[in-house]
Amino acid sequence: MPTTDDPYVRVRGARENNLRDVDVDIPRDTLTVFTGVSGSGKSSLAFGTVYAEAQRRYFESVAPYARRLIHQVGAPDVGEITGLPPAVSLEQRRSAPGSRSSVGTVTTLSNSLRMLFSRAGDYPEGAERLDSDAFSPNTAAGACPECHGLGRIHRTTEELLVPDPSSSIREGAIAAWPGAWQGKNLRDVLDALGYDVDRPWRELALEDREWILFTDEQPVVTVHPVREAGRIQRPYQGTYMSARRYVMHTFADSRSRTLRAKAESFLTSEPCPVCGGSRLRPEAMAVTFAGRTIAELVALPLASLAELLLAAGGAGGTARVLTADLLARIEPVTELGLGYLSLDRTAPTLSSGELQRLRLATQLRSGLFGVVYVLDEPSAGLHPADTESLLSVLGGLKDAGNSVFVVEHQLEVMRRADWLVDVGPLAGEHGGRVLHSGPPAGLAGVAESATRRFLFDEEPPPARRPRTPSGWIGLHGVDRHNVRGVDAEFPLGVLTAVTGVSGSGKSTLVGQVLAGVLADRQAPETAEADRVRPAWGCASARGLEAVNRLVQVDQKPIGRTPRSNLATYTGLFDVVRKLFAATDTARARGYRAGRFSFNVAGGRCETCQGEGFVSVELLFLPSTYAPCPDCHGARYNPQTLEVTLNGLTVAGVLDLTVEAAAGFFAGTPAAERPLRTLLDVGLGYLRLGQPATELSGGEAQRIKLATELQRIRRGHTLYLLDEPTTGLHPADVEVLMRQLHGLVDAGDTVVVVEHDMAVVAGADHVIDLGPGGGDRGGRIVATGTPEEVARAAGSRTAPYLARALRADG
């Protein structure tokens, strides 16, 4: 029995997810790294077990009434944990923050800056001193009344709403209107109101066009639909909504990202004419500090803001104290390589890695002692040059008397850890065991560890000869965000890695400019060769006609509800349902493919609506989820489950792993193809019915890539991937890169934004941006083969790439 001064967190009988009755001892007051291949169970141990148990114990100390007001996770499946201090979790949350959330609000630096202006700002003569809320665009006291604190006004024009004035309303002249029945309804309502829907748009009277597009009236009229063959449609009361009203309503209120994006394409965005984009009332903008308004200061990169505050100092005692506090809060943010961010940078534009590092920086000022920090890949999206700073910050947390538990794949972080917990050996049911728990050096003797050969540089991969490009895409005069006046050349038929420190402009150049220009080239209305819309911040482009198709593969979730899963996203479930519908039992009963969907009534269990579980409300305790009492988690009703395919019900098939399903569906080509591509990208451990909400960003990206790989290729395809190795173990990176190189060998082009120097060293061509982030970046520092870039002077990437090339050689 451990004593009260036992220096270890001792876990006994951990069975969360795929963990196999794990026993492990982890010393407190250390930097401990949990590692293993994707799906091995490391996150289940660090977050699902250790952190979840610490949170559960904390909530037990909260009054029962208050507990109802807090979202709580369920108790982890573990026998016992001793020696566990309170825990703080810093996960890479993938839910998108609101548009009003910013770097300033995430770090609370905005509060300190507003207090500085309120208490120590220079006010116009005779002006009343303002409360700090008056300097916030998110409060009624501070927000500009015209734009409500957003800083921009959205408008639309006839040209945007009706791109082809030669067509009639019935032919779809009003492109902004919705499709299908809703669009037909609006056309029928217009017809009933007496407007000519068959006349070319440009021939309609100006006042009619204005009313149709921009009126705020919503008249109700009786619509008599045109009778269609075999269908009887009764008259109904239809309400008219102008094109502008529909677009603004969709943009502001729709929960569908696709619908909002479509609505936004019909809008222009411009600075608010009243506040000029500052988002604040005039009285707040009249106050200055060091000769600058608060709007000017929040727009500065944090590194520049720190320099200005340091120079200003503060004449009075209040200004000096508040300035010193701001500088102390900015320091850990810049130390984590985020000095290029400005306080007004909106949170939705930040990567999950940037958000996590911002929250980590705020923890350094919290002064907490004796807690366990559990972090999810803090090095995600971090250039190797910034890893040293990250390790320094993690060391600071440890030196303050805390334990730091990190789920991590970055080899340098593993090497610098005090303790290493390696989980594996493989993923899913082939993992879930602790292979090593001890100092990193001890892993060298663990033969079955997938981490060992990478950590100790065993068997470096053979050097590759760079491929010869088949052509080039040229972007000239790129001017977007911090990328200013850049000419970039992207080779075709090869694998190109775009590198640079965080904030250097990589994602802007590739994910916005290159992707936007190519997407326009493929759109029918802008298919003119080398035509570039000004919106993409590119003066001109050449070579676009060589690309027939653009595929962007990102790490956004493949679905936002548990009803979306691996099988539904890849299209495999359509094949499965058809196979079940073709069985003798199903045909005898008249069951069609829809019977085997858990999303519609008929075959699903109606008690749980096909979810497989029900929410159980417990008084004074957190709501918990329990298996459905009728279907016991199977999702289907008993009649549907009586139909079997080769001995398995449809619920049984959904419970198969990809690896097991490949054997089960051998000989069925329609199922074999998607399963083979999922295996090829290293996802054999996932279950077919695994909910999208349980998948990591790296898993979601590889599922998207597998879905693309199973498509029949037509013409030259250019694949764009933004940091595809984020969240991947080095062994998984090898699997992914095999697939990407396979695409290039088949004649396509791959462009990756990447920080993993092993990936960059294996590329054919490298474009390095920098030299720094924000205003100190945005230039192409070096370009060429990996060997050429590794020798480039002034490149922060060069020394790390040179080291990776020596390992390869």
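Arg484 is exposed, at a relative accessible area of 54%. Here exposed means over 50%, buried under 20%, and partly exposed in between, with a 1.4 Å probe and protein chains only. A salt bridge is a side-chain nitrogen of Lys or Arg within 4 Å of a carboxyl oxygen of Asp or Glu.

The model is predicted: local features need pLDDT of at least 70, side-chain atom pairs count only at pLDDT 80 or more, and totals for chains, interfaces and linings use all residues. Residues are numbered from 1 along each chain as its sequence is written, and side-chain values use heavy atoms, with hydrogens and water left out.

**Salt bridges**

The count comes to 33 salt bridges.

| Pair | Closest N to O distance |
|---|---|
| Arg170 and Asp191 | 3.9 Å |

Arg170 and Asp191 form a salt bridge. The pair links distant parts of the chain, 21 residues apart: Arg170 is in the loop between α5 (158-161) and α6 (180-192), and Asp191 is in helix α6. Helices (H or I, at least four residues) and strands (E, at least two) are DSSP runs, numbered from the N terminus. Arg170 is partly exposed, with a relative accessible area of 39%. Asp191 is partly exposed at 39%.

Asp655 lies in the loop between α23 (650-654) and α24 (658-664), and Arg687 in the loop between α25 (669-680) and α26 (697-709), so the pair ties together parts 32 residues apart in sequence. Arg687 is partly exposed at 27%.

A network of salt bridges links Asp6, Arg10, Arg12 and Asp25.

**Cavity**

Rolling a probe the size of a water molecule over the atoms shows where empty space is left. A cavity is a set of points, on a 1 Å grid over the protein atoms alone, where a 1.4 Å probe fits but cannot get out; lining residues have an atom within 4 Å of a point. Grid points are joined across faces, edges and corners, and a volume is the space filled by probe spheres set on the points.

The whole structure holds one cavity of 30 Å³ or more. The largest cavity has about 30 Å³ of space. Its lining includes His383, Val501, Asp768 and Arg796. Strand β23 (residues 765-770) gives the largest share of that lining, three residues. By class, the lining has four nonpolar, five polar and two charged residues. Ala, Val, Leu, Ile, Met, Phe, Trp, Tyr, Cys and Pro count as nonpolar, Asp, Glu, Lys and Arg as charged, and the others, Gly among them, as polar.

Note on methods:
1 Å grid on protein atoms, 1.4 Å probe; cavity = no way out; pocket = protein on both sides within 12 Å on 5 of 7 lines; lining within 4 Å.
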